[in-house]
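Hi,

Here is the structure I promised to pass on.

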Amino acid sequence: FFVTSRQITKLHIMSEREDIVFSRNTVEFVTVAAEYCAYVERCNEHTAKEFIGTLLKLLPLLYLKAQMLPEGERVGDDELEDFVTEDSYEVLRMNIYELLADKDSYLDVFVSEMKYSDTPVTKSISEDLADIYQDIKNFICLFKLGINETMHDAIVECSEHFARYWGQTLVNTMRALHEIRYNTLEEEEEEESNE
């Protein structure tokens, strides 16, 4: 029984892939990501205050766990499948928007258009949360397929998208949610108690 150097290299690559897929950091990210998706899907079961309070706990954890995802390179050539449709995205966005109502909009200073604009750029919490959801839900669905190569590439893509897109969106949204939770809602509660 002889093993060629090419077979050893292939086994090493397969082992590295499995290390990434089943690493503790990946499993922890999958757990938090699944919780985030499930929570925002059930947003209409909560009050705005409960929803915001829970998100202010989930989002930092999601950010932390995304940063700890193992690094890797894609091994497949095919594009990864998208599971979140435009309709499901829009339903989720609208449910969050209806829950937050007049608190949905915030001024964002970290968008690239800001440097070319004389007016403030307004962003939407519901759209930001739906954008984060879309990337993470696609990742979770790919991961559930149980195909090592697909799971590996899903981790790599999710990590890349975190660095380029949804990581900054998450941080900006947290700033807006913090403002609502600790300033706007408290002011409203004080006004109600004074009446």
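Some housekeeping before the rest. This is a predicted model, with pLDDT of at least 70 needed for local features and 80 or more for side-chain atom pairs, while totals for chains, interfaces and linings use all residues. Residues are numbered from 1 along each chain as its sequence is written, and side-chain values use heavy atoms, leaving out hydrogens and water.

The overall picture: the protein has 6 helices and 2 strands, in the order α-α-α-α-β-β-α-α. These are DSSP runs numbered from the N terminus (helices H or I, at least four residues; strands E, at least two). Of the 195 residues, 41% are buried (under 20% relative accessible area with a 1.4 Å probe, protein chains only; exposed is over 50%, partly exposed in between).

Back to helix 2. Its residues that meet helix 3 include Phe29, Tyr36 and Val40, and on the helix 3 side Phe51, Leu58 and Leu62 are among the partners (contact means heavy atoms within 4.5 Å). That contact divides into 13 nonpolar, 1 polar and 4 charged residues; Ala, Val, Leu, Ile, Met, Phe, Trp, Tyr, Cys and Pro count as nonpolar, Asp, Glu, Lys and Arg as charged, and the others, Gly among them, as polar.

Helix 2 (24–41) also comes within 9 Å of helix 5 (125–144), axis to axis, crossing at roughly 125 degrees, so this pair is oblique. Phe29, Tyr36 and Val40 of helix 2 are among the residues making this contact, with Leu129 and Ile136 among those from helix 5.

The largest nonpolar core has 49 residues, and Tyr36, Phe51, Leu62 and Trp166 have the most contacts inside it (a core is a set of buried Ala, Val, Leu, Ile, Met, Phe, Trp, Tyr and Cys residues joined through side-chain atoms within 4.5 Å). Beyond its neighbours within four places in sequence, Phe51 touches Tyr39, Val40 and Leu129, among others.

Most residues other than glycine have a negative phi. Ala101 is partly exposed, at 39% relative accessibility.

Cheers

Note on methods
Axes fitted to C-alpha atoms, helices over the stretch in contact; angles between N-to-C directions. Parallel < 35°, antiparallel > 145°, perpendicular 65-115°, else oblique.
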